[in-house]
Amino acid sequence: MRFLRRVRHDLSSGENLEIYVTALLSLTLAVLGALDVAGGKVLAAATLATLALLAGGLLGSRRQVAELATEVRARAAGDISAEDFFSGDKPELVQQIRGARDIGIVGVSLARTLRNSIDELERRAVSGSVIRIALIDPSGTAPAEAARRSTIPHRPEVYQNRLRTSIDLLRELLEKPEVRDRVEVRPFVPAFGLVLLDPRRPGGIIHVDVYSHSSASGDAVFTLRPDRDGHWYQHFQAEFDRVWEHGRPADASDGFPG
């Protein structure tokens, strides 16, 4: 049964097709030869065609192995391109949040992040997950400083509006009794963005956003895992802890429930 499931999976995904075709042709030739249905010339031609198909499959496999070996050697030597290391977004973030028990998020306004994930964050908080969020301090000069680092240096009101949207979403979340004790917000002025999902568990994930300066091209994002990135995973985990330690709890002066 396991073999049949494997065959069905390969056929549906288009994997190892040349092997199955070769096996089918070989079996067909053997049956035709045993029953004396096909002549010698036909069998010889079909056999050569089968061997050619098998050779083509072997060449493809060797090419894939060679490409994989080259990639492994490049990664071992640290010779990988920025395109392979950085991404432009965190497209699977909402799916990754599902099931996380310890969630930490650091960002400037977090407008898009919260807009996309607030429903899932609420579900996680209701189920008992701990959620800690740090974003720029809405009071003082933080919005103006964020604007100066962006493509709209003379329009701090844009960041104030974005921040107001995030605060409204978080305030609505904190006003729900079933999640209030599970969600905490602290104002801070971050130098980079972070999303930590179960960072102290073996399957934890840390997304790091490298903020751009006066650029509309978007931020560079890279992802760290504990079993692969050792020192740097621990480094950014400790960075979140330091951000959280130095941020003050949000209160009514920030627009949050007291």
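Modeller: Residues 24 or more positions apart account for 66% of the contacts in the chain with a separation of 6 or more, where contact means heavy atoms within 4.5 Å. The model is a predicted one, in which local features need pLDDT of at least 70 and side-chain atom pairs count only at pLDDT 80 or more, whereas totals for chains, interfaces and linings use all residues. Residues are numbered from 1 along each chain as its sequence is written, and side-chain values use heavy atoms, with hydrogens and water left out.

The chain has nine helices and six strands, these being DSSP runs numbered from the N terminus (helices H or I with at least four residues, strands E with at least two). Of its 258 residues, 34% count as buried; buried means under 20% relative accessible area, exposed over 50%, and partly exposed in between, with a 1.4 Å probe and protein chains only.

The largest nonpolar core holds 31 residues, among which I103 and I133 touch the most other members; such a core is a set of buried Ala, Val, Leu, Ile, Met, Phe, Trp, Tyr and Cys residues joined through side-chain atoms within 4.5 Å. At least two residues of this core come from each of α5 (93–97), β1 (102–106), α6, β2 (130–135), α7 (142–148), α8 (156–174), β3 (183–187) and β4, and α8 gives the most, with six residues. Residues up to four places away in sequence aside, I133 touches I105, L110, L114, L170, E184, V185, R186 and W244. A second, separate core of 14 residues includes V106, F192, V208 and W244.

L110, one of the residues that I133 touches, lies in the loop between β1 and α6. It counts as buried because its relative accessibility is 10%, and its phi is near 60°, a positive value in a residue other than glycine.

F192, a member of the second core, is in the loop between β3 and β4 and is buried, with a relative accessible area of 19%. Beyond residues up to four places away in sequence, F192 touches V106, D209, Y211, F236 and E239. The C-alpha atoms of F192 and Y211 are separated by 5.7 Å, although the two are 19 residues apart along the chain.

A charged residue is also buried: D198, in the loop between β4 (193–197) and β5 (205–210), has a relative accessibility of 12% and a positive phi of about 50° although it is not a glycine. D198 has no salt bridge, and R201, the nearest side chain of opposite charge, is 4.3 Å away. Here a salt bridge is a side-chain nitrogen of Lys or Arg within 4 Å of a carboxyl oxygen of Asp or Glu, while Lys and Arg count as positive, Asp and Glu as negative, and His and the chain ends are not counted. A polar atom of the D198 side chain does, however, lie 2.7 Å from the backbone nitrogen of R101. Apart from neighbours within four places in sequence, D198 is in contact with G99, A100, R101, D102, G204 and Y233.

For contrast, E122 in helix α6 (residues 111–126) counts as partly exposed, at 22% relative accessibility. Its contacts, neighbours within four places in sequence aside, are L173, K176 and V179.

Note on methods
Polar contact = N/O pair within 3.5 Å; in protein donor to acceptor, adjacent residues only side chain to side chain.
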